[in-house]
Amino acid sequence: MGRFDYVIVGAGAAGCVLANRLSEDPRVRVALVEAGPDRNARKAIVRIPLAMVTFMAPALAFLGGPKFMSWFETEPEPGLQGRSIALPRGKGTGGSTNVNGQIFIRGQREDFDGWRDLGNPGWGFDDLLPYFRKLERFEPLADRISGERIRFDGKPFHTGIDPAYHGTDGPLNIAPLRSVNPLAFAYLEAARLAGHRLNPDFNGERQNGVGLYTFTQKNGERVTAEGAYLDPVRNRSNLTVLSETEATRILFDGRKAAGLAWRRGGETGTLEAREIILAAGSFVSPHLLMLSGVGPAADLKRHGIEVIQDLPGVGQNLQDHLDVTLEYRAKSTMPYGLSWKALPRNALHVGDWLFRRRGLFSSTTGEGGGFVSTDPASERPDVQLFFCTGRANTQAASGFTGHGFLMHVCQLRPGSIGRVSLKSASTDDKPSIIYNFFRGDSTMDVLREGIRLARRIMAQKPFEPHLDAEVDPGPDVQSDGALDAFIRERVGTLFHPVGTCAMGRGDGAVVDPQTLRVHGVAGLRVIDASIMPTIVSANTVAATYCLAEKGADLVKAEDRAVPKAA
């Protein structure tokens, strides 16, 4: 295959962006290496938004979801009384965008300005807004017919959108749901009665308020990183996609990354490269660095790994969002679910999807959203709400049968700092992961108050015709102690790991913020969610797309003066 200019490891959101943008120059040879299968964007299980609930449901494995998943697990968490947490990640071209909930939220201005103030110039909100706009085709503005069809607070959806915050010609289509369950509008009215203001655009001037989410969808179908960024350019002669190919080690010539070792089934080989770019995510990118000799020297030596660069921050600073779910049984059939009464309607949903790409199958059920503060002294949201118009739930579902609805309460900035470390020097062993939830600066206070806030919304009059009973945690769980016990038993993550190769210039930093090069070595960069120094106050995929767009520009700015591969 010869020598490449760039070998990108990982074909998730960041990797697909990089493959697209770096291969724009026909003189540059790019290889994209992905451990999972290729050409996933048009597969039915990926295209159908509702199918996301099948990827992590063992009873539905026959539908093919497991081949799109890679599973990790935490060590027993001391703050959870020794309970371990399952940590699924997407596998295959498209990565976790093949399996996620498709909700597109950027985060708060304070998140990105915080990155800048931690010693990362050029990474503040105003610096990144042009990249958020560049990557986005915001459908309600790009297609006014779409914006007129969806109503919000009695007006066409697009009338509440400020164009200054959105792009209309980017590769990634962002749209409201084509079909919204009426129960989502009951949620909005209940939240308004509970004192929360309506917000049509969580990615606008302000994030706080309640509203309906927008999604990485087009014409009622999921839009993945592969479909948006890779498929349109995969026929470029200077781009090579190597699927079902696992990166096993970065190869060094002295202190310069010179290639990548790989294996595919029983076959092994190497790729020569001018640069290696890791885009494999917050678990795999630091793990691959450590296996290759870049990381905490004492730990590497303990496993018999030759130290290329002592970099203590590799694998440290692990952060994620904490989430608990309140479950409600319904006395109406308005929520999505399987029952004899709903059978005719569900049959119509099948036809609605097949012929119009609307109805239940065009929804993830996570339709209503909210960003609220549990601190009366602050308007900055510390809790994200997800109102789901059915009981199916990737974190803790009671099932698809019957009718009910869920309210997720997510702590946006938990304060827990974990780590990813080696179990051994073998590439066959997944890394050791621990989050340290409810240790150090991480407490249950925000989640506890978030549950009470969510219950106040559910107690409002619009839910009276629909709500039968709270199933979990149940009406008897009211005191601080009882709520804390519920949280400790049920809390999970929203599968948003970040931070393990944090950018910066301090002692714990891994990559340089101006180049995203790994400190202390040449020819090696990390460009994925692991470089976030702190977690954003939102689903992390939007920020990951954004940092990859900026990262590609940083690479190309340096590349103009560098000779290309022969």
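Is L354 buried or exposed? L354 is exposed, with a relative accessible area of 54%, where exposed means over 50%, buried under 20% and partly exposed in between (1.4 Å probe, protein chains only). The structure is a predicted model, in which local features need pLDDT of at least 70 and side-chain atom pairs count only at pLDDT 80 or more, while totals for chains, interfaces and linings use all residues. Residues are numbered from 1 along each chain as its sequence is written, and side-chain values use heavy atoms, with hydrogens and water left out.

L354 is found in helix α11 (residues 343-356); helices are DSSP runs of H or I with at least four residues, strands are runs of E with at least two, and both are numbered from the N terminus.

Strand β16 (residues 267-278) runs parallel to strand β1 (residues 3-9), joined by 6 bridges; strands pair if DSSP finds at least two bridges between them. In this pairing, I8 stands opposite I277. Strand β15 (residues 256-264) pairs with β16 in the antiparallel sense, over 6 bridges, and G259 stands opposite E272. Strand β28 (residues 524-526) runs parallel to β16, with 3 bridges.
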